[in-house]
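This report walks through a single protein chain, from its overall build to particular residues and the contacts they make. Please keep the sequence and the structure at hand while reading.

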Amino acid sequence: MSDNEMTGGEALARMILAFDGGPMFGMGGFQLLPFYDAARRLGLKHNLINDERAGCFAADAYAKVTGRVGLVDATLGPGATNLVTGLIEALNAGTPMVAIVGDTHRDHSWKNMTQESRQLDILRPCAKEVIRVEAIHRIPELMRRAFAVATTGRPGPVIVDVPEDICHGTHGFTDDDFRVDPAHGGAPALRCRPDGASLAKAADLLAGASRPIVLAGGGVHLSGAAATLQRFAETFSIPVAHTMTGKGAIACTSPLSAGLFGRYDRIANGLIEESDLILVIGCKLGEIATKRFTVPPKGKRIIHLDIVAEEFGRTVQPEIVLWGDAKLGIEDLAAALAPKAEAIRARLAPYAAEVPQRMAAWRADVSEKLNSDEVPVSMGRLMTEINAVLPADGFLVADGGFAAHWGGLLFDTKQPGRSFVPDRGFASIGYGLPGAMGVAMGAPGKKVIGLTGDGGFNMMLGEIETARRMGLDLTIVVVNNAASGYVKALQHLVYGPGAYHASDLAETNYADAAKALGCHGIRVEDPGTLRAALQEALATKGPSVVDVVVTRDPAKMLPGVDNRAAAKMKKGDRPA
């Protein structure tokens with residue numbers, strides 16, 4: 001082995017390449033110049049972003065659809081602090097991510113260095129772990145640690161803080177220094193099985209249940225367990241409802257899919273109410289999923305399978321906890337129930353048959369709204385057309401706010417797996433465009449639609465240049481209601497018609513904006529032209545923007561396609 005004198009920046013790049021890492025998103029500064037130089041020389045797939053938050057969102061979405069570690073870098077100070085929102089999305093969503101962050105030269109720290117801040121104090125609550133590199137020779141060791149932490153347990157973001165003198169300094173590394181366990185290039189790098197005795201009890205409860213239901217969260221996708229869960233549901237005739245991040249835990253088109261549960265639902269909340277046993281898988285049962293902690297109702301028998309023990313009992317008290325990997329836990333439950341599979345399936349068949357019947361009744365009830373010809377375009381019609389044009393292996397990325405709620409309620413995945421990508425870890429506005437960029441990089445050749453509001457698109461409009469520069473094929477659907485729609489709708493519900501403040505936007509033609517930035521743009525004002533516009537955009541190379549003029553009526557902005565009327569609001573209530 002020969003010594004290789006190299007900079008700390010090159011050692012960072014070599015460690016990322018050792019994990020087969022990339023793409024990476026970032027915006028450089030002096031502190032990380034040696035890293036950028038090494039990325040150029042060594043062929044690390046690295047992309048200049050226009051805003052570090054967008055880079056974090058793109059890396060997050062890439063990781064969500066591939067299971068690979070998302071990668072982002074930022075210079076010190078404002079670069080580091082611009083990562084905060086995206087890091088918290090990754091932390092709350094369980095996204096494996098490694099962020100390389102530059103920091104001041106240690107010989108001059110705390111002497112009012114340019115852009116200096118207490119950035120580690122700011123970043124520490126935003127990450128699963130913060131690793132500060134204090135010695136150049138430890139870079140390989142600490143990068144192995146970063147990838148290991150990011151990809152085990154509940155995955156999450158890890159920050160590697162690199163002072164300027166560490167990045168620019170040199171050390172004689174050996175080839176052995178850059179050996180890694182490739183398993184830590186993606187999540188889950190390690191799997192563990194639930195306790196056998198607890199699992200046997202859970203299997204006994206499932207074997208005797210007359211109306212069991214599975215509540216699936218995003219942890220199903222983190223475990224890569226969607227196909228396993230669909231087989232389990234079909235083997236035993238057990239319906240599955242899902243959270244927004246859990247959509248695709250089984251195909252929405254499956255007769256066993258009860259759809260979204262919680263704040264908005266089709267039929268799932270009623271099935272949960274009637275159930276005698278609930279199997280929660282990879283779900284934190286947070287506010288949205290539980291309709292502010294009222295679903296499931298008190299007194300239900302619950303089995304909770306999750307990789308994070310701290311989630312047990314946080315919002316509901318389960319009768320049995322299964323601490324372990326979702327995929328292995330489902331497989332073990334299936335194996336324990338296998339001798340009784342035929343009898344269970346036959347016994348539950350009439351119950352399971354209720355699900356498609358209720359779903360068909362729901363569709364008939366809301367058909368007028370799903371197929372509405374009203375002008376401006378209704379959200380129900382927009383979602384119907386997206387369902388029609390997006391192929392089974394396509395992806396819908398949903399921005400925060402009502403894009404995710406409408407998408408979660410009405411988008412139908414046609415196969416198991418994560419083809420619906422919302423940013424529900426932090427529900428930040430602005431995810432739609434950079435999220436679509438990350439998905440397009442993670443699933444090249446697949447059709448990708450990013451659904452975003454005009455407010456969210458305004459935040460990230462500059463990233464259209466990034467998407468064009470990178471040659472990414474994606475379609476951005478702008479829900480153009482000339483408002484911060486979620487806020488305006490809530491003001492309407494809470495304070496009444498006309499009581500709006502700081503929730504209106506200027507009327508803007510985003511198709512023209514896209515064209516000015518060198519991209520394809522189509523404006524849709526009539527629902528009859530919507531399908532053709534979407535098909536044209538999906539067939540166009542490079543980024544396309546479909547600017548859809550939707551209702552300006554605040555009473556219609558939130559999902560109402562479930563045919564519920566907003567009740568009289570009381571102080572403290574939250575309708576959406």
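Contact here means that heavy atoms lie within 4.5 Å. The coordinates come from a predicted model, and what follows should be read with that in mind.

## Overall build

The protein has 22 helices and 20 strands. Its radius of gyration is 24 Å, close to the 25 Å that the globule rule gives for 576 residues, so the protein is as compact as a globular protein of that length. Along the principal axes, the C-alpha trace spans about 70 × 60 × 45 Å.

Of the 576 residues, 59% count as buried. Among the contacts with a separation of 6 or more, 77% are accounted for by residues 24 or more positions apart.

## The nonpolar cores

The largest nonpolar core has 98 residues, and L229, F232 and L382 are those with the most contacts inside it. Helix α14, which covers residues 341-370, gives the most to this core, with ten residues. Apart from this core lies another, of 49 residues, which includes F25, V84, V421 and L433.

Leaving aside residues up to four places away in sequence, L229 touches V214, A216, V220, V240, A249, I250, I281 and I330.

## Salt bridges

The count of salt bridges comes to 41. In one of them, D103 pairs with R132, and the closest N and O atoms are 3.0 Å apart. Because D103 lies in strand β5 (residues 97-103) and R132 in strand β6 (residues 129-132), the pair ties together parts that are 29 residues apart in sequence. D103 is buried, with a relative accessible area of 7%, whereas R132 is partly exposed, with a relative accessible area of 27%. Both residues belong to a network of salt bridges that links D103, R106, R132, E134, D161 and D165.

Another salt bridge joins E354 to R211, with the closest N and O atoms 2.9 Å apart. This pair links distant parts of the chain, 143 residues apart, since E354 is in helix α14 and R211 is in the loop between α9 (196-208) and β9 (212-216). R211 counts as buried, at 18% relative accessibility. R138 and E141 also form a salt bridge, the closest N and O atoms being 2.8 Å apart; here R138 is partly exposed, with a relative accessible area of 35%, and E141 is partly exposed as well, with a relative accessible area of 38%.

## Cysteines

How many disulfides does a search of the whole structure find? The search finds zero. The sulfur of C126 is 9.5 Å from the closest cysteine sulfur, which is in C56, and this is too far for a bond, given that a disulfide requires sulfur atoms within 2.5 Å. C283 is likewise in no disulfide, the nearest cysteine sulfur, that of C252, being 15 Å away. C126 is buried, with a relative accessible area of 5%, and C283 is buried, with a relative accessible area of 3%.

## The segment after β20

T551 is found in the segment after β20, a strand that covers residues 543-549. Is T551 buried or exposed? At 8% relative accessibility, T551 counts as buried. The side chain of T551 reaches the backbone nitrogen of D553 at 3.0 Å. With residues up to four places away in sequence not counted, T551 touches P376, V377, N481, K556 and M557.

P559 is also found in the segment after β20, and at 7% relative accessibility P559 counts as buried. Not counting residues up to four places away in sequence, P559 touches Y264, H405, W406 and L409.

Note on methods
Residues numbered from 1 in each chain as written. Predicted model: local features only at pLDDT ≥ 70, side-chain atom pairs only at ≥ 80, totals over all residues. Heavy atoms only, no water. Helix = DSSP H or I, 4+ residues; strand = E, 2+ residues; numbered from the N terminus. Buried < 20%, exposed > 50% of the residue type's maximum accessible area, 1.4 Å probe, protein only. Polar contact = N/O pair within 3.5 Å; in protein donor to acceptor, adjacent residues only side chain to side chain. Core = buried A, V, L, I, M, F, W, Y, C linked by side-chain atoms within 4.5 Å. Salt bridge = Lys/Arg side-chain N within 4 Å of Asp/Glu carboxyl O. Rg over C-alpha atoms; globule rule 2.2 N^0.38 Å.
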